[in-house]
Amino acid sequence: MPFSRRTFLGATAASVAATTRVFGATKAKLRIGLLLPYSGTYAALGNNITDAMKLAAGERGGKLAGREIEWIAVDDESDPAKAPANVNKLIAGEKVDILTGPVHSGVAMAMMQIVRQEKTLTIVTNAGAQAVTGQLCAPNVFRTSFSNWQTSYPCADVMLKDGRKKVVLMFWNYSFGQESMAAFKEGFTKGGGTVIKEIAVPFPQTEFQANLSEIASLKPDAVFVFFAGAGAAKFVRDYADAGLRDKVPLYGSGFLTEGVLGAQGPAAEGIKTTLHYADSLDNAQNRKFRDAFKTATGREADVYAVAGYDTVHALAAALEKVQGDASAQKELIAALEGVRIDSPRGPFRFSKAHNPVQNVYVRQVKGGKEAVLGVALKNAEDPAFGCAMVK
Ligand code: BEZ
């Protein structure tokens, strides 16, 4: 039982139900759809999720509940306008058993409309849009990454404790950026802070010069930011080049530095963020995962890879309960609801809304690594506003 220590299912009513149904034995390959960005500013995120999913499958002998896997990947280009066609390609065209992805919240919102209707079992592997496990939550949709609220709200308290009372917000102007700022502002204003300016940058634009001059003239105590991937790498370098690094400290959800510390170099030193993962988390699963990912890809693992890795281990544990029969959707959903994982991020389980319940850490870049300063929220559960599955 090589995986029994890492992943197990709770003894839920569902897992009992799963033992009473006769499942259809099939040796057909399990078709897993990957709706992810493989080009553009989020390409590295899509690649890390994909490679970590394959790593987890490899750790299980390349099979989930005895079934080999057929991966069917579509480059979603982080483009919400192309999402309906891309989702239909995977569901109607490729007839995937399970749909996974995307990275971009706008793509996720378009995807939700279709998977709610088609009832495809879907695991969101990054996009943090609140509605996925809030207003639009659905029995057939799970998320292994985070909600916007989980990664942004706790940073308000961190900044207030650091004495930053007057701040500027800067973000990519699409659903994730807007929600991230709203969640941060809720906590920050409640705690007595003031937002003096909000700078919205069109996605995926990376021309920051005029905005940085404005920040210099406003002289805030700090700046709270959402950028990710290649755009975050450039923003942090531009910020330091503009002479702001030592004058106006940068904060954000951890996407600001995640996966791009190498590209940011000394420009990232000192940045404080909140996130449900840090490369330096001192647990056995994290060490094993990071070594295995490095060996398999030659790259450093990051929060995006963690979500991909946990997705496959969670799915495998649930599929075993239904003997690999992905068509037994009711039982498979119930089995997923019972999954508990000792993840590289720490303990992981799904909430009633199917969002991760997980720790959120305070991190600071020190010597090119994310040092963990503490836990901002332990076993943080998203409020799941508007989710009908939460009573
Ligand atoms: C999002 O659009 O949900 C997202 C993209 C990159 C990093 C984090 C969140």
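**The ligand site**

Modeller: A polar side-chain atom of S105 lies 2.6 Å from an oxygen atom of the ligand, a polar contact being a pair of N or O atoms within 3.5 Å. This is a predicted model, in which local features need pLDDT of at least 70 and side-chain atom pairs count only at pLDDT 80 or more, while totals for chains, interfaces and linings use all residues. Residues are numbered from 1 along each chain as its sequence is written, and side-chain values use heavy atoms, with hydrogens and water left out.

The backbone also takes part: a backbone N or O atom of G128 is 3.0 Å from an oxygen atom of the ligand, and a polar backbone atom of V103 is 3.4 Å from an oxygen atom of the ligand. Taken alone, the ligand exposes 270 Å², and the protein buries 100% of that (areas by the Shrake-Rupley method with a 1.4 Å probe).

Around the ligand stand 14 residues, and V103, S105, G128, Y174 and F176 come nearest (a residue counts as near if one of its heavy atoms lies within 4 Å). By class, this shell has ten nonpolar, four polar and no charged residues; Ala, Val, Leu, Ile, Met, Phe, Trp, Tyr, Cys and Pro count as nonpolar, Asp, Glu, Lys and Arg as charged, and the others, Gly among them, as polar. Domain 1 (23-146 + 283-350) and domain 2 (149-275) both give residues to the shell, so the ligand lies between them; the domain bounds come from an automatic or database domain assignment.

Notes. Polar contact = N/O pair within 3.5 Å; in protein donor to acceptor, adjacent residues only side chain to side chain.
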